[in-house]
Amino acid sequence: MNDNASAFCAFEYDEKIRQTLPYYEEFHKQILDIVKAHVKNPPVWLDIGCGTGKMAELALGQAEIEKYVFCDKSETMIKIAKQRFECENTEFVTASILELQSSIPYHVITAIQVFHYLTKEERIKAVRKCYEMLHTNGIFITFENFAPFSEAGKQLLFERWKLYQLSQGKEPAECREHIGRYGNEYFPVSITGHLEILHQCGFQNAEVIWVSNMQAGFLGIK
């Protein structure tokens with residue numbers, strides 16, 4: 001049984017997400033590159049929707065981190081992450097971003113494939129909360145599915161996405177089921193819509209950092 005907002009249960013999440021999202025490993029590499037370029041001292045880092053700790057695996061392995069806070073609403077995900085990464089500079093919180101209470105200001109906040117499960121109103125609330133929890137000059141980085149600008153573009157990208165999943169060993173019915181979640185179980189907005197939300201929530205500096213298939217990366221600097 002699935003125990004989180006994603007399509008997959010916690011124990012199979014990492015394998016299934018690689019079968020589903022092209023360049024999934026690249027998301028984390030892009031984030032770490034930007035953090036290293038922007039943050040000059042060891043950061044306090046909040047990872048929202050941390051899952052089993054894929055971002056932490058790279059960050060804690062390749063960068064000096066003052067404190068890394070794992071946050072996920074799935075108790076099972078947090079349990080797995082804690083088993084993998086519990087040490088003196090890590091902390092584990094079971095909560096959704098909409099419920100999260102924190103008095104710690106962060107230098108870095110990341111959210112990878114998390115906010116597209118929220119309604120537009122919830123997404124704005126979540127992004128605004130991230131803005132408020134950052135230090136001045138702190139950075140928020142998110143990777144999300146996005147909505148294409150045209151119906152023809154959407155159908156083309158759906159077909160490309162299906163072919164990728166088939167190439168990774170998924171069955172045709174499983175591909176159709178996953179693509180059918182678009183607009184029903186997760187709610188993408190366009191690339192310009194992502195930037196508009198970042199600006200609306202207070203980020204004067206907002207950029208697209210990466211785009212491929214139907215996923216894109218965005219950053220906001222407070």
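Mentor: Let's start with helix α6 (residues 151-167) and helix α7 (residues 172-179), whose axes come within 9 Å and cross at roughly 140°. That angle makes α6 oblique to α7; the oblique class is whatever is left after under 35 degrees (roughly parallel), over 145 (roughly antiparallel) and 65 to 115 (roughly perpendicular). An axis here is a line fitted to C-alpha atoms, for helices over the stretch in contact, with angles from 0 to 180 degrees between N-to-C directions. The α6 and α7 crossing is right-handed, which is to say that the near helix is turned clockwise from the far one by less than a right angle, anticlockwise being left-handed.

On the α6 side, the residues that meet α7 are Phe-158, Trp-161, Lys-162, Gln-165 and Leu-166. Across from them, α7 brings Pro-172, Cys-175, His-178 and Ile-179. Contact means heavy atoms within 4.5 Å. By class, this α6 and α7 contact has six nonpolar, two polar and one charged residues; Ala, Val, Leu, Ile, Met, Phe, Trp, Tyr, Cys and Pro count as nonpolar, Asp, Glu, Lys and Arg as charged, and the others, Gly among them, as polar. The spacing of such contacts has a simple background: an α-helix has 3.6 residues a turn, so residues three or four places apart point the same way.

Before going further, some bookkeeping. This is a predicted model, so local features need pLDDT of at least 70 and side-chain atom pairs count only at pLDDT 80 or more, while totals for chains, interfaces and linings use all residues. Residues are numbered from 1 along each chain as its sequence is written, and side-chain values use heavy atoms, with hydrogens and water left out. The chain averages a pLDDT of 92, and 95% of the residues score at least 70; pLDDT is the predictor's confidence in each residue, from 0 to 100. Keep an eye on residues 4-10, where the pLDDT is below 50, although the model gives this stretch 29 contacts beyond near neighbours in sequence. Helices (H or I, at least four residues) and strands (E, at least two) are DSSP runs, numbered from the N terminus.

Now move on to helix α5 (residues 120-133) and helix α8 (residues 191-200): their axes come within 9 Å and cross at roughly 55°. So α5 is oblique to α8, and their crossing is right-handed. Here Arg-123, Ile-124, Val-127 and Arg-128 of α5 meet His-194, Ile-197, Leu-198 and Gln-200 of α8. By class that contact has four nonpolar, two polar and two charged residues. Stay with α8 for a moment: its buried residues are Ile-191, Gly-193, His-194, Leu-195, Ile-197 and Leu-198. Buried means under 20% relative accessible area, exposed over 50% and partly exposed in between (1.4 Å probe, protein chains only). These buried residues pack against α5, β5, β6 (205-212) and β7 (215-221). Just after α8, Gly-202 takes a positive phi of about 120°.

Positive phi turns up elsewhere, too. Most residues other than glycine have a negative phi. Asn-137, in strand β5 (residues 134-145), has a phi near 75° and is partly exposed, with a relative accessible area of 45%. Tyr-23, with phi near 65°, is in the loop between α1 (13-20) and α2 (24-38).

Tyr-24, Glu-25, His-28, Lys-29, Ile-31, Leu-32 and Lys-36 of α2 make the contact with Lys-54, Met-55, Leu-58, Ala-59 and Gln-62 of α3. Its classes come to six nonpolar, two polar and four charged residues.

Finally, look at Phe-70 in strand β2 (residues 67-72). Phe-70 counts as buried, at 0% relative accessibility. Ser-74, in the loop between β2 and α4 (75-85), is buried at 1%, and its C-alpha atom is 7.9 Å from that of Gly-51, 23 residues apart along the chain.
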